[in-house]
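The sequence and coordinates come first, and the explanation follows.

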Amino acid sequence: MAEAYQKSIETLLEELDVTAEGLSTREAQKRLAKHGPNELEHPTPISPWQIFLEQFTSPVVWVLLGAAIITAALSEWIDFLVITIVIITNAIVGLIQEYKAERAIESLKEMLALQAHMLRDGKITKIPAREVVPGDIIIIETGDRVAADLRLIESVELHTQEASLTGESTPIGKIADAIKKICAIGDRKNMAFAGTTITNGRGKGLVVATGTKTEMGKIATLLGTTKTDETPLQCSLKTLGMMLAIATVLICITIFVLGALRGQELIEVFLQAVALAVAAIPEGLPAVVTITLALGVRRMTASNALIRKLPSAETLGSCSVICTDKTGTLTHNEMTVRSIYVNDSIITITGTGYAPEGKLSATSDDAKELLLAGALCNNATLTTNKQWNITGDPTEGALLVSAAKAGIDLGKLAKQFPRIHENPFSSERKRMSTIHRTGTAYIMYHKGATEIILESCDRILLDGKPRKITPAHKKKILSAQEAFARQGMRVLGFANKTSNKQEVQEKGLIFLGLQAMIDPPRPEVKESIRICNSAGIRIIMITGDHLTTAQAIAEELGIPGKAISGTDLATLNLDAQVESIGVYARVDPEHKIRIVEALKNKGHIVAMTGDGVNDAPALKRADIGIAMGITGTDVAKEASAMVLADDNFATIVRAVREGRKIYDNIRKFVMYLLSSNIGEVLTVFGGAIAGLPPVIIARQILWMNLVTDLFPALALGIEHGEPTLMERPPRQSDQKLIDKRRWVVILSIGAVMMSAALGAFTYAYRHGTIGNAQTLAFTSLVFMQLTNVLVMRSERHTNFELRPNARLFAAIAISLILQYIVVQTPFFAGIFGDEPLTVIEWSIAISAGIGLLALGEIIKVINRRLDWLSS
């Protein structure tokens, strides 16, 4: 079925049952009741209470809840209180960090909250845009924001800015004729879309879609139906938590059955099982993960990367593909003249954006005359208020900036060359001319499409003198134009003529030259892309701009791969070719989601950057969406997981490094906590199998897990990144946080801890009381866990090779002091069931810790030589 842009106005008027005089008020009210208001549906926002409850969905938290219930049933109130505080603290931290209202659709709704001028009952009437209905005829002019999707009836020099919808960086000239071929949104030049802005001209349009049926509304629908996957870290921690929960239950059942078969008191066996459950679960893990992510978020914020969702902090570090919008992300979204053709030669102009900062590679009077023509045959203005801005057409703004770079004082032009007449630009004429008074003479400046300008010229300016223009001159000019066009630049030709009388005829002109412009890449982006490539991260450009322009920018920035347009996607087997494509041009929002999903199907972890409304659904569907903070729309920001406060692509590279560091540190302290807890589990389990009395009790285990383990683990979470962090490829999406080889390391360290702790217990039990033996085993485990944290700082480098971590050593010192107080002071010793240790017993505990550290450093040296543990 043909769409509105493919149909004639007569056909649409008939289909919508409306005349050229517009709808009657009565008919409009009927249609409003039928179609509903011209606004977007608003979903029920998630409540803080729902977010709080979501913090209890982790299997680790489930086991902690079970342990809390059991300790309460056994009246072990201290244990119950400590576990409960851990659970609630973790939930509150998660709530505070994640409570962000989903306002993306609300932002889109606000974009439609405006007034519209329309024909009602044959008269022009101003009504709220929410009351616009299909069949209304709307009047639009410069400065208006379009209230609904319109099929244009009239277009008089009408241009719209559609960058936020399509990614097109320059205003689009509009027509009123039907377009028969199927084309992308950006090429439907007889349509004006809801939420876009009129930059020039005036027109009249027939409303063909309102509310959720508009192109803007379709994006809102995509946002509402786009699902957000769990991050790789969330998946890994959930799997790990489930494994721990199952293992804990099985081990507890085993202990309970063995004790019962031996004829032990059931209450004693039950307490041993509880102690084992407490030992198996790293109580501090949820809090340490949350706090480490929060600290990483704070560091990223200091680097202008604002993280909206905690787990996203590490996801960026694991991404293998960054899908980036071109306009406003890789480029400035500010047209800039980069080259001029004058006097049979090409002159380059430095600088980017609207700031008049830059130089010409060569200067001459001919070049200055060309740039003066661009500044005078112009209706834009250049202003500054902390940053430079253009009022008017961006193309004309670029011409002002190029003139200013040549030293032309824009502020004095109006007095030096007062304008007395203008022949405006039109899509039919493809040119514009202005006439200015200069002394007693008149001078006409002329600009437009190169071929059109050449038709009006019979001379050319060479070396300051007008000479007869020849076919050879024209061939050179057209060749230069083609060369500029191949680089994705927009080219305008310029001419002038001087007369003693005011003459408006555009003929007999002197050709001055060409100005070629483009929305240029940001200067820092090329280096950022190089770093991403060295880190194994692939960059893909996805833009609504033209294919030629996209290819030129991609080539300049070093983005490899084939380039295709959105219309090619309809017949393309994307899953088969997605790995070979580096540039997608003229794409629609649905295309962006399809591209992201194809990459994810290949196992990639995908980051998507963008600033426009058109980017929002893909930002939400990607593993991590990154919005621009300055130029980004509210819709893009609210759909994203991260916002770049400085709109700087280079900030992404710093965030990637920080994300990789966060993941490494999380793995380090997870290995530390697991190996320490498994040491406790094996100690309790081994003692039970050997028929020994309880080697350590639940309260001592809680102390180790929540005090002596927690502070070093937190310090490990802010460990400095490895030097080669950005030189290794990203990890695979299915790579486990703890793989088989690392489990071997964890179990080996746990076995060493068990052996040393049981040995210390047996020694003390033979020479003293059970309380003394438990205290020595308890203290030995503490010392081994505190040296274990030093082992876990790196898998390849010894502690002598690493940068000092003052917080880590302070945490170890604090833990040692607290352990001494718990063991040696009567009050705390009574609470934890400890008995003071002798100097010899303290020496045994210290020796156990030193022995574990020595073993760990030896394993690092072996690993570095054999490359046993992969990154």
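At 0% relative accessibility, Cys532 is buried, where buried means under 20% relative accessible area, exposed means over 50% and partly exposed covers what lies in between, with a 1.4 Å probe and protein chains only. The model is predicted, so local features need pLDDT of at least 70 and side-chain atom pairs count only at pLDDT 80 or more, while totals for chains, interfaces and linings use all residues. Residues are numbered from 1 along each chain as its sequence is written, and side-chain values use heavy atoms, with hydrogens and water left out.

A disulfide is a covalent bond between the sulfur atoms of two cysteines; here the term is applied to a pair of cysteine sulfur atoms within 2.5 Å. The structure holds zero disulfides. Cys183 is another buried cysteine, with a relative accessible area of 6%.

Cys532 belongs to helix α19 (residues 525-534), whose buried residues are Val525, Ser528, Ile529 and Cys532. Helices (H or I, at least four residues) and strands (E, at least two) are DSSP runs, numbered from the N terminus. Seen down the axis of α19, the buried residues fall within an arc of 100°, so they line one face of the helix; the arc is that of the directions from the helix axis to the C-beta atoms. Among the elements covering these buried residues are β9 (321-324), α13 (326-330), β21 (538-542), α20 (547-557) and α25 (649-689). Just after α19, Gly536 has a positive phi of about 80°.

The next topic is the aromatic rings. A pair of aromatic rings is described by the distance of the centres and the angle of the planes. Rings of Phe, Tyr and Trp (its six-membered ring) pair if their centres lie within 6.5 Å; planes under 30 degrees apart count as stacked, over 60 as edge-to-face and the rest as tilted. By this rule there are four aromatic pairs. In one of them, Phe761 and Tyr765 have ring centres 5.5 Å apart and planes at 25°, so the pair is stacked. Both residues lie in helix α28 (residues 740-767), four residues apart, about one turn of the helix. Phe761 is buried at 0% relative accessible area, whereas Tyr765 is partly exposed at 37%.

Phe783 and Trp842 form an edge-to-face pair, with 6.1 Å from centre to centre and 80° between the planes. This pair links distant parts of the chain, with Phe783 in helix α29 (residues 770-791) and Trp842 in helix α32 (residues 839-866), 59 residues apart. Phe783 is buried, with a relative accessible area of 13%, and Trp842 is buried at 14%. Ring pairs join Phe783, Tyr820 and Trp842 into a cluster.

Arginine side chains supply two further details. Arg586, in the loop between β23 (581-585) and α22 (589-601), is buried with a relative accessible area of 8%. Its side chain makes a polar contact with the side chain of Asp187 at 2.3 Å. Arg731 lies over the face of Tyr663, at 3.2 Å from the ring centre.

For the chain as a whole, the secondary structure comes to 32 helices and 26 strands. Of its 871 residues, 55% count as buried.

Terms used: Lys NZ or Arg CZ within 6 Å of the ring centre and 35° of its normal. Polar contact = N/O pair within 3.5 Å; in protein donor to acceptor, adjacent residues only side chain to side chain. Contact = heavy atoms within 4.5 Å.
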